[in-house]
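Work through the two exercises below with the sequence and the coordinates at hand. Each task is followed by a solution in steps.

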Number of protein chains: 2
Amino acid sequence: MAEPATPRYTAAGVDIAANDRLIPRYRALARSAGRPEVLGGVGAFSGLFDLSAFEEPVLVASTDGVGTKLLVARRLGRLDGVGCDIVNHCINDILTAGARPLFFLDYLAGAGLGEDEKVAIVGGVAAACADGGVALLGGETADMPGLYRDGDFDLAGTIVGVVRKGEEIDGGAIRPGDALIGLPSNGLHTNGYTLARAVLRLDEAEPERLLAPDAGLGGSLADALLAPHTAYWPALQPVLSRCKGIAHITGGGIPGNVARILPDACAARLRRGAWPEPPIFERIRAAGEIGDEEMMRVFNCGLGLAVAVEASDAAGVVAALPGAAVVGEVTPRDDGPAVIVESE
Amino acid sequence: MAEPATPRYTAAGVDIAANDRLIPRYRALARSAGRPEVLGGVGAFSGLFDLSAFEEPVLVASTDGVGTKLLVARRLGRLDGVGCDIVNHCINDILTAGARPLFFLDYLAGAGLGEDEKVAIVGGVAAACADGGVALLGGETADMPGLYRDGDFDLAGTIVGVVRKGEEIDGGAIRPGDALIGLPSNGLHTNGYTLARAVLRLDEAEPERLLAPDAGLGGSLADALLAPHTAYWPALQPVLSRCKGIAHITGGGIPGNVARILPDACAARLRRGAWPEPPIFERIRAAGEIGDEEMMRVFNCGLGLAVAVEASDAAGVVAALPGAAVVGEVTPRDDGPAVIVESE
């Protein structure tokens with residue numbers, strides 16, 4: 001916003017001059033995550049993206065937030081990763097429809113954040129956008145001292161992508177006998193942190209404990225908890241045309257999200273152990289004495305993305321996806337649950 | 001998200017079952033704000049919008065939040081209006097580029113909100129989308145008890161619209177001699193509430209005082225403060241081709257936002273009193289002993305939108321816009337400020 005400092009407004013808790021100083025820094029971040037289709041620059045009332053060269057475009061859009069992973073990141077002063085989390089989460093959400101990500105807009109709201117903290121957060125957004133070939137088309141930073149506690153903030157974002165009409169992926173072509181391929185997660189991604197914080201007592205924990213090397217985790221607890229959400233678009237793009245359905249394992253875990261792509265006549269059977277589970281999940285399970293069924297409904301438990309393909313296609317698709325494995329199959333739906341995860 | 005209640009997760013503060021009950025209610029709201037281009041329904045990982053019938057589309061997108069007007073609305077239990085505020089604010093932001101609004105996604109985050117409160121808030125979003133011919137394509141509701149105080153919430157949204165390539169409005173055609181036409185605001189819209197709350201002591205005020213009839217305001221203080229943000233797309237659409245530049249008067253007020261559409265060689269001179277000022281602004285000015293210059297940099301002071309047109313076009317455009325008036329003109333830029341608002 002192009003607003004000079006005004007003494008009373010500043011006294012009321014909004015430092016407009018500080019926000020003005022941010023504009024050129026945000027502009028530089030947006031330039032670092034550009035695309036040739038972007039017209040004009042960030043800072044006007046809106047962002048423009050030239051779609052005229054795309055044939056038969058169907059837009060695919062999603063809004064999401066980082067959730068309480070923010071509280072862990074803020075406590076540890078690691079602010080750049082959360083920007084990566086929200087961008088990659090959104091990339092995966094529209095990837096489920098077969099969409100190529102085009103542009104992203106961020107929403108950062110809080111109280112008492114310094115300019116450098118804001119730039120670190122939005123800088124993480126811009127870096128993830130640049131990595132994913134996504135334009136950072138705009139965003140909003142809001143200071144709301146009356147709503148957020150000093151130092152607190154929330155981060156959300158919206159992504160827009162495109163898929164050619166007729167090439168949308170919606171799971172409608174899934175049939176019994178299809179194979180389910182899993183792509184590994186690198187941790188919690190952005191779901192289940194409210195439960196993880198409670199059972200690991202993260203809010204009361206001394207940062208030293210969270211930052212201490214932990215052989216069982218292959219790094220510190222902080223490293224394991226703040227591993228950025230994996231973006232699957234780059235890996236999956238070459239085989240998208242062979243994907244009948246794609247489930248992003250977020251809130252709802254494996255059963256909840258795999259069920260979202262299954263036609264009514266289909267169920268899914270997955271084999272626990274067919275994919276690797278990062279040790280952070282066992283740490284959470286043990287600390288909270290959480291049953292495996294609940295673990296799988298709250299966390300991704302190592303399965304970041306589940307993809308349905310023709311059984312005859314499975315080996316070829318797996319070979320094209322680093323770290324992927326066949327994790328189960330589609331079955332006819334009976335009176336039982338839509339998704340069964342068999343224990344080892 | 002399709003996640004059944006899990007005892008520990010619920011104990012940790014996230015009532016997934018309650019959120020599940022919201023999904024059909026949100027779906028009904030989305031259906032109430034649809035467009036024929038929307039493919040599939042809300043509730044999947046993303047929303048799809050068929051753009052294939054649009055010729056040479058340039059997408060125009062904007063993200064914004066309601067800001068601390070939320071705190072006034074929550075204090076008075078008037079939750080439906082804030083949804084209208086964010087949708088109409090976003091409609092106006094992309095209107096400045098000449099864009100027709102297509103779809104909107106909302107982000108609602110908080111703690112301790114009941115299902116009916118969430119539906120009231122998102123219902124206001126849906127109603128404003130329906131009024132504006134905007135599809136409610138998706139959204140996110142997040143419960144974050146660790147971040148928000150019980151009963152607190154934040155509301156933001158993202159709009160995507162379209163303008164035909166070559167028809168974008170960016171102010172570049174503005175020349176000295178052009179007329180500036182003003183469209184009236186109905187109040188603060190969504191800017192300046194942090195200052196208004198401070199000088200009117202709204203956070204400490206008894207609701208009775210805010211709800212009492214006030215002859216000077218033509219209603220209660222609550223009515224004046226919570227008047228929903230005006231959407232200017234319906235009125236301006238018929239004359240868009242005659243608009244050289246459009247400034248949405250938001251944070252930064254009249255000087256800050258009019259300056260954003262002026263070419264380097266141009267300045268603007270507006271005449272205070274050429275547009276009506278709702279009495280709430282004088283109430284704020286008097287309560288805070290705020291100078292007129294600061295008032296105009298923080299609030300819209302009755303001017304919701306400023307539009308630059310050819311002088312010869314001014315009378316015709318004014319005649320086509322209910323409540324509009326010529327409020328100033330474009331002048332050559334000298335060493336002075338880009339925007340001067342002359343007192344009466």
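**Exercise 1: the sheet**

In β6(B), B:A156 is the bridge partner of B:G65. The model is a predicted one, in which local features need pLDDT of at least 70, side-chain atom pairs count only at pLDDT 80 or more, and totals for chains, interfaces and linings use all residues. Residues are numbered from 1 along each chain as its sequence is written, chains are lettered from A in the order in which they are written, and side-chain values use heavy atoms, without hydrogens and water.

Task: trace the order of the strands in the open sheet of six strands.

Solution. Begin with β3(B) and strand β6 (residues 153-164) of chain B, which run antiparallel and are joined by nine bridges; strands are DSSP runs (E, at least two residues), and two of them pair if DSSP finds at least two bridges between them. Next, cross to chain A, where strand β2 (residues 47-50) pairs in the antiparallel sense with strand β3 (residues 57-65) of chain B over four bridges, A:F49 having B:L59 as its bridge partner. The complete order is then β1(A)-β2(A)-β3(B)-β6(B)-β4(B)-β5(B), with mixed pairing. Finally, β1 (38-39) of chain A and β5 (135-143) of chain B stand at the edges with a single partner strand each, so one side of each has no neighbour in the sheet.

**Exercise 2: the interface**

Task: find how many salt bridges link chain A and chain B, and locate one.

Solution. Applying the rule (a side-chain nitrogen of Lys or Arg within 4 Å of a carboxyl oxygen of Asp or Glu), the count is two. One salt bridge joins the side chains of A:D50 and B:K165, at 2.7 Å from N to O.
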